[in-house]
Amino acid sequence: MTIPLPAATLAQLFYDARTVQRFADIPVSRETLTQLYDLVRHGPTGFNAQPARFVFVESVDAKALLAPALSARNRERVLAAPVTVLIAWDSRFHETLPRLFPGFDARSFFDSHPALIESSATSNAALQTGYLILAARALGLAVAPMSGLDTTAVDAAFFPDGRWRTLWIASLGYGLADDLPPRLPRLAEDEAVLFR
């Protein structure tokens, strides 16, 4: 049986965590990024499909490829971040299902229902994005997820074969929270929850 996490851990993951606009000029190590992915891959997905694919954009050249696809509002902070991760979904994720979900012939299911591939991949990749945000916070990183980008342009620059398709991006690093505005409101329980 598991026990609830301490209040300080919950604060780090949820209550005190913020989407930062600026990052400290401190690199994120390859070991930290490897640990980040290792945490993300352990979160549950439908059929254990794990359709999300991650590209950690660190180099000046890779950032230059990404820059034209960013909205004007996001460009400066993405280029200044130590790392920005492209979160994509694999349009052929179901090909790994015989290995990842051996108890059921899920690959044949998707082969015979190709219209379900995109919806399943994108919903599960979105779920994996949530794991990525929480895992990054657990490792002491700040996260700035964003959808303000031209995904078609990102795909053309990074995934020209068309197999992987961009969902959104998230900048990662050690956040600077000194200039953050007050936290935006959250819906109250009675606005978003029913008990039946």
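1. Start with two helices: H2 (residues 30–40) packs against H7 (residues 115–138) at an angle of about 130 degrees, and their axes lie 9 Å apart. Keep in mind that this is a predicted model. As for handedness, H2 passes H7 in a right-handed crossing.

2. Which residues in H2 and H7 meet? From H2 come Leu36, Leu39 and Val40, and across from them in H7 are Gln128, Tyr131, Leu132, Ala135 and Ala136. By type, the residues of this H2 contact with H7 split into seven nonpolar, one polar and no charged.

3. Now have a look at the largest nonpolar core, which has 28 residues. Leu36, Val40 and Leu132 turn up again here, among the residues with the most contacts inside this core, and Phe54, Val85, Phe93 and Leu172 are on that list too. At least two core residues come from each of H2, strand S2 (52–57), strand S3 (83–90), helix H6 (106–112), H7 and strand S5 (164–173). H7 gives the most to this core, with eight residues.

4. Phe93 deserves a click of its own. Setting aside neighbours within four places in sequence, phenylalanine 93 is in contact with Ala49, Pro51, Arg53, Phe110, Ile117, Ser120 and Ala121.

5. One more thing to find: there's a second, separate core of 20 residues.

Methods. Residues are numbered from 1 along each chain as its sequence is written. This is a predicted model: local features need pLDDT of at least 70, side-chain atom pairs count only at pLDDT 80 or more; totals for chains, interfaces and linings use all residues. Side-chain values use heavy atoms; hydrogens and water are left out. Axes are lines fitted to C-alpha atoms, for helices over the stretch in contact, and angles run from 0 to 180 degrees between N-to-C directions. Helices (H or I, at least four residues) and strands (E, at least two) are DSSP runs, numbered from the N terminus. A crossing is left-handed if the near helix is turned anticlockwise from the far one by less than a right angle, and right-handed if clockwise. Contact means heavy atoms within 4.5 Å. Ala, Val, Leu, Ile, Met, Phe, Trp, Tyr, Cys and Pro count as nonpolar, Asp, Glu, Lys and Arg as charged, and the others, Gly among them, as polar. A nonpolar core is a set of buried Ala, Val, Leu, Ile, Met, Phe, Trp, Tyr and Cys residues joined through side-chain atoms within 4.5 Å. Buried means under 20% relative accessible area, exposed over 50%, partly exposed in between (1.4 Å probe, protein chains only).
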